[in-house]
Amino acid sequence: MNIAIIGAMSIEVDTLRTAFSASDTGGEVYVSRRGDSTVTICRCGVGKVNAASLTQHLIDRFSPDCVINTGTAGALTDALPIGGIVVSRDAAYHDVRPVALLEDMYGDRFIRADGELVTLAESACRENSLPFLTGTIVSGDSFISTEEQREEIFREFPDSLCTEMEGAAIAHVCRKSNVPFVIIRAISDFASDEETFARFARKAADNAAIITEYIAGRLIGNTTEDNPIK
């Protein structure tokens, strides 16, 4: 089993690198070999282009059986607290206008995550007593920091739970390459101010890493009990 884990920022992947004792192979790509399994942990950088290019590179180089995107997000719902988890049922771009172009370009504006990975993520949230919701995650090349931006996204995607800057691009590449994926995002702010993000980004990133570590551990048939994420 080969698993690729992608985060945009160092705080989103550093704890996972430690948990899996991953070795640096260059270019922000870290590899951990567990028997016949490989866990590849990568920092892609912020934004859709960085995320898409790194995802394709990982697919070409490592042929992963699945991809997990981990990290922080701004909430579009008040139903989750800071640190709560959003598991992707599907993903979409919120910055394509008009939104109907998504259907013309891809046949569907929503890119559906793998059902088995979603179920594993939900189990991880329950076992770790982290509040969670499963639903739509939207992505765009803007840090959403005002109520006006938040409301505009919510008008277009009323069922969306959170917004970030990479997930849909990773999902898009995975769909084109027929690689199962799931997006795990923990709430760092309410998509309304940058101060809240700066204050809670580390807590959110660590919560997302807990769920990501659980999924990867189950898939490779063991856990990172020697260096668990706390």
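Angles under 35 degrees count as roughly parallel, over 145 as roughly antiparallel, 65 to 115 as roughly perpendicular and the rest as oblique. The model is predicted, with local features requiring pLDDT of at least 70 and side-chain atom pairs pLDDT 80 or more, while totals for chains, interfaces and linings use all residues. Residues are numbered from 1 along each chain as its sequence is written, and side-chain values use heavy atoms, leaving out hydrogens and water.

**Helix packing**

Two packed helices are described by the angle between their axes and the distance between the axes. Axes are lines fitted to C-alpha atoms, for helices over the stretch in contact, and angles run from 0 to 180 degrees between N-to-C directions. Helices (H or I, at least four residues) and strands (E, at least two) are DSSP runs, numbered from the N terminus.

| Helix pair | Angle | Axis distance |
|---|---|---|
| α1 (residues 10-19) and α7 (residues 194-219) | about 45° | 8 Å |
| α4 (residues 115-127) and α7 | about 120° | 9 Å |
| α2 (residues 48-62) and α6 (residues 167-177) | roughly 35° | within 8 Å |

With an angle of about 45°, α1 and α7 are therefore oblique to each other. Contact (heavy atoms within 4.5 Å) involves Ile11, Glu12, Thr15 and Leu16 on the α1 side, and on α7 a set including Ala201, Arg202, Ala205 and Asp206. By class, this contact of α1 with α7 has five nonpolar, two polar and four charged residues. Here Ala, Val, Leu, Ile, Met, Phe, Trp, Tyr, Cys and Pro count as nonpolar, Asp, Glu, Lys and Arg as charged, and the others, Gly among them, as polar.

The α4 and α7 axes, at about 120°, are therefore oblique as well. Among the residues that meet are Leu117, Leu120 and Ala121 in α4 and Ile211, Tyr214 and Ile215 in α7. The contact of α4 with α7 comprises nine nonpolar, one polar and two charged residues.

In the α2 and α6 pair, Lys48, Ala51, Ala52, Thr55, Gln56 and Ile59 of α2 meet Ala169, Ile170, Val173, Cys174 and Ser177 of α6. That contact has seven nonpolar, three polar and one charged residues.

**The largest pocket**

Lining the largest pocket are 18 residues, and Thr72, Phe143, Glu164, Met165 and Phe197 lie nearest its centre. A pocket is an open set of points on a 1 Å grid over the protein atoms alone, where a 1.4 Å probe fits, with protein on both sides within 12 Å along at least five of seven lines; lining residues have an atom within 4 Å of a point. Strands β5 (66-75), β9 (160-164) and β10 (181-189) each supply at least two lining residues, and β5 gives the most, with three. The lining divides into nine nonpolar, four polar and five charged residues.
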